[in-house]
Amino acid sequence: MSEVPGDGSVQTSLHIDPYERNWMRLTVVLLVVFATAVTIAGFALGFQVPSPEERVDPNTVAIGDGPFGEPGLRAYPDGSYDLYVVAQMFSFAPNEVTISAGSEVTFYVTSVDVQHGFKIQNTNVNMQIVPGQVSKLTMTFDEPGTYDFICTEYCGSAHAQMYGTLTVEK
Ligand code: CUA
């Protein structure tokens, strides 16, 4: 509240220091920048948040009649695949997979012991693999080549040897 000299009335005004106002402007600009970056990553670059697909019992998931009892590729007539992967210290099953270029692959990955990671080099596929949970992500492989998939979560003494290879054939 401040006295306005002259007319004798009392006026309420919100005084914002110019320095503070600039910080407020910067905050709004940064929010817009971040929102734009997330939008571009999600819609233009195809970044996905891996979804926890379902809950499973890590003690029985790989020995039952379910898809993880026989991990590997399932091919569909439209050329797409489902790939079921079991992670355990210190390997992936399967650890060698071959598909043809242009295929869409939906990965289902689970762990039977501790937390692992599943990252396919030079792609957007990168998931946490938590025992008791199935992580799911879909990716289309247009470029032929050899893609290593590695464990990105320290899981014990031979963590660095935990990897496999996805081959995309022409
Ligand atoms: Cu599995 Cu590191």
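The following legends describe several close-up views of one predicted model.

Residues are numbered from 1 along each chain as its sequence is written. Because the model is predicted, local features need pLDDT of at least 70 and side-chain atom pairs count only at pLDDT 80 or more, whereas totals for chains, interfaces and linings use all residues; side-chain values use heavy atoms, with hydrogens and water left out.

**Figure 1. The two assigned domains.** The domain assignment divides the protein into domain 1, residues 10–43, and domain 2, residues 51–169. These bounds come from an automatic or database domain assignment. A distance of 42 Å separates the C-alpha centres of domain 1 and domain 2.

Figure 2. Strand β4 covers residues 72–75 and strand β5 covers residues 81–88. Strands here are DSSP runs of E with at least two residues, and helices are runs of H or I with at least four, numbered from the N terminus. The two strands pair in the antiparallel sense over 4 bridges; pairing requires that DSSP finds at least two bridges between the strands. Within this pairing, L73 stands opposite L83 in β5. The hairpin has 5 residues between its strands, and G79 takes a positive phi near 90°.

**Figure 3. The aromatic pair of F68 and Y84.** Rings of Phe, Tyr and Trp (its six-membered ring) pair if their centres lie within 6.5 Å; planes under 30 degrees apart count as stacked, over 60 as edge-to-face and the rest as tilted. The structure holds 9 aromatic pairs. One of them joins F68 and Y84 in an edge-to-face arrangement, at 5.2 Å centre to centre and with 85° between the planes. The pair links distant parts of the chain, since F68 lies in the loop between β3 (51–55) and β4, Y84 lies in strand β5, and the two are 16 residues apart. F68 is buried, with a relative accessible area of 3%. Y84 also counts as buried, at 13% relative accessibility. Buried means under 20% relative accessible area, exposed over 50%, and partly exposed in between (1.4 Å probe, protein chains only).

Figure 4. F107 is buried, with a relative accessible area of 1%, and F141 is buried, with a relative accessible area of 1%. One aromatic cluster is formed by F92, F107, F118, F141, Y147 and F149.

**Figure 5. Threonine T106 in strand β8.** T106 lies in strand β8 and counts as buried because its relative accessibility is 9%. Its side chain is joined to that of T138 by a polar contact of 3.0 Å. A polar contact is a pair of N or O atoms within 3.5 Å; within protein, one must be able to donate a hydrogen and the other to accept it, and residues adjacent in sequence count only if both atoms are side-chain atoms. Not counting residues up to four places away in sequence, T106 touches Y81, D82, L83, K136, L137 and T138, where contact means heavy atoms within 4.5 Å.

**Figure 6. Threonine T110 in strand β8.** T110 is found in strand β8 and is buried, at 0% relative accessibility. A polar atom of the T110 side chain lies 2.9 Å from the backbone oxygen of Q133. Leaving aside neighbours within four places in sequence, the residues in contact with T110 include V56, V61, F68, V85, I129 and V134.

Figure 7. Most residues other than glycine have a negative phi, and most peptide bonds are trans. The peptide bond from M89 to F90 is cis, with omega near 0°, and F90 lies in the loop between β5 and β6 (91–93). Another cis peptide bond joins A93 and P94, with omega about 0°; P94 lies in the loop between β6 and β7 (96–100). N122, a residue other than glycine, has a positive phi near 65°. This residue N122 is found in the loop between β9 (116–120) and β10 (126–129), and N122 is exposed, with a relative accessible area of 78%.
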